[in-house]
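Hi,

Here is the structure I promised to pass on to you. Please have a look at it first, and then read on for what turned up.

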Amino acid sequence: MRDAKALLHQIGYGLLCGYQDYRALYTWRSWLFGWMVRLLCQVLFFSMVGQAIGSDGAQRYMALGNAVILGPLGALGVVSSSVGERRAGTLQFLLLSRNGPFPALLSRGLYWAVDGVVASCFALVVLRWLVGVEIGPLVLPVCFLLQALITLSGYSLALALAGVSLRRPESRMYLTAGTTILLMTLAGVNTEPPQGGFGGAVVSVLPATHGLRAMRSAVAGDGVPLTAVLAECGVLLLWGAISWLTLTGALRHQVRAGSLTLR
């Protein structure tokens, strides 16, 4: 009971610290007229590429894909903020916390996932006016739930990358840029994902691949395929387990070996 209470306190204070960090990043004006305008321009850019192809279907396909992928890409911000813990000299306190560093790092960076969900859902709402993607009022809540699942799946991957970058801070930009390229090219954002071979195997464990397929089916009025939702949940759990290993096991091993430089 005491461990559970300590864990809840740790997560609660982590969420509070994350909220204060987010307040330091944005005001409502800079978020709405700066950050959101930038993200909507990204969606518009790729939808215009689809329009240049000369196909309304391609335009809607790329617009929806780029609106949805905003969530997982936004969640990648936790990689940089986790490295900031090391540079600020606070990582050693997280490593010594009663329940380990994983709950603290997970909760402190959760605002990146929340921001990603809000940004993607906002983009989904305005897609009708931007490029004419019809999302019915009854389908929209389902899309919001799917978006939350997709973004959390991307957040679990981002935490796994954070575990690597905490030991090798110089890899931070390479990991986030490489993951962004991988998701944009293989996860079905702008083109159909690979179905077989090595590419198909990689795609099957990428966040957003299965959730985006479910989202497209829901928007098209064909219902939500349960297999796609379960597959996305499986990807979330897979990367969640890997992130626990990288953030907890690897860091504690480095501490025991005396080879982790905290600054």
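Met215 counts as buried, at 0% relative accessibility. Please keep in mind throughout that this is a predicted model. Met215 sits in helix H12, and once neighbours within four places in sequence are left aside, its contacts are Leu64, Val68, Leu124, Cys143, Leu146, Gln147 and Ile150. Phe144 is 71 residues from Met215 in sequence, and the two C-alpha atoms are 9.4 Å apart in space.

H12 covers residues 209–219, and ten of its eleven residues are buried, so the helix is largely enclosed by the rest of the structure.

Ala208 lies in the loop between helix H11 (197–204) and H12. Its phi is about 85 degrees, positive although Ala208 is not a glycine. As a general point, most residues other than glycine have a negative phi. Ala208 is also buried, with a relative accessible area of 0%. After H12 comes Gly221, with a positive phi near 85 degrees.

**The nonpolar core**

Which residues touch the most other members of the largest nonpolar core? They are Leu124, Leu127 and Met215, in a core of 65 residues. Helix H9 (residues 140–167) gives the most to this core, with 13 residues. In soluble globular proteins, nonpolar side chains tend to be buried together.

Leaving out neighbours within four places in sequence, Leu124 is in contact with Leu64, Ala67, Val68, Ile135, Cys143, Gln147 and Met215.

- Thr179, in helix H10 (residues 172–186), counts as buried at 10% relative accessibility. Apart from residues up to four places away in sequence, Thr179 touches Leu76, Leu157 and Leu161.
- Val83, in helix H5 (residues 77–87), counts as buried at 1% relative accessibility. Leu238 is 155 residues from Val83 in sequence and 23 Å from it in space, C-alpha to C-alpha.

Cys143, for one, is in no disulfide, and the nearest cysteine sulfur is that of Cys121, 8.8 Å away. Cys143 is buried, with a relative accessible area of 0%.

Cys233 is partly exposed, with a relative accessible area of 31%.

**Helix H1 and the salt bridge**

Helix H1 (residues 2–25) takes part in several of the remaining findings. One salt bridge turns up in a search of the whole structure. It joins the side chains of Arg108 and Asp21, at 3.2 Å from N to O. Arg108 lies in helix H7 (residues 101–108) and Asp21 in helix H1, so this pair ties together parts that are 87 residues apart in sequence. Asp21 counts as partly exposed, at 30% relative accessibility.

Leu16 is found in helix H1 as well. Together with Tyr13 and Tyr19, Leu16 makes a nonpolar surface patch of about 350 Å². Leu16 itself is partly exposed, with a relative accessible area of 45%.

Leu8 is another residue of helix H1. Is Leu8 buried or exposed? With a relative accessible area of 62%, Leu8 is exposed. Ala228 is 220 residues from Leu8 in sequence, and their C-alpha atoms are 32 Å apart in space.

Happy to go through any of this with you at the screen.

Best wishes

Key: Residues are numbered from 1 along each chain as its sequence is written. This is a predicted model: local features need pLDDT of at least 70, side-chain atom pairs count only at pLDDT 80 or more; totals for chains, interfaces and linings use all residues. Side-chain values use heavy atoms; hydrogens and water are left out. Patches are made of residues with over 30% relative accessible area and no salt bridge: like charges are joined within 9 Å, nonpolar side chains (Val, Leu, Ile, Met, Phe, Trp, Tyr) within 5 Å. Accessible areas come from the Shrake-Rupley method with a 1.4 Å probe; for residues, only the protein chains shown count as cover. A salt bridge is a side-chain nitrogen of Lys or Arg within 4 Å of a carboxyl oxygen of Asp or Glu. Helices (H or I, at least four residues) and strands (E, at least two) are DSSP runs, numbered from the N terminus. Buried means under 20% relative accessible area, exposed over 50%, partly exposed in between (1.4 Å probe, protein chains only). A nonpolar core is a set of buried Ala, Val, Leu, Ile, Met, Phe, Trp, Tyr and Cys residues joined through side-chain atoms within 4.5 Å. Contact means heavy atoms within 4.5 Å. A disulfide is a pair of cysteine sulfur atoms within 2.5 Å.
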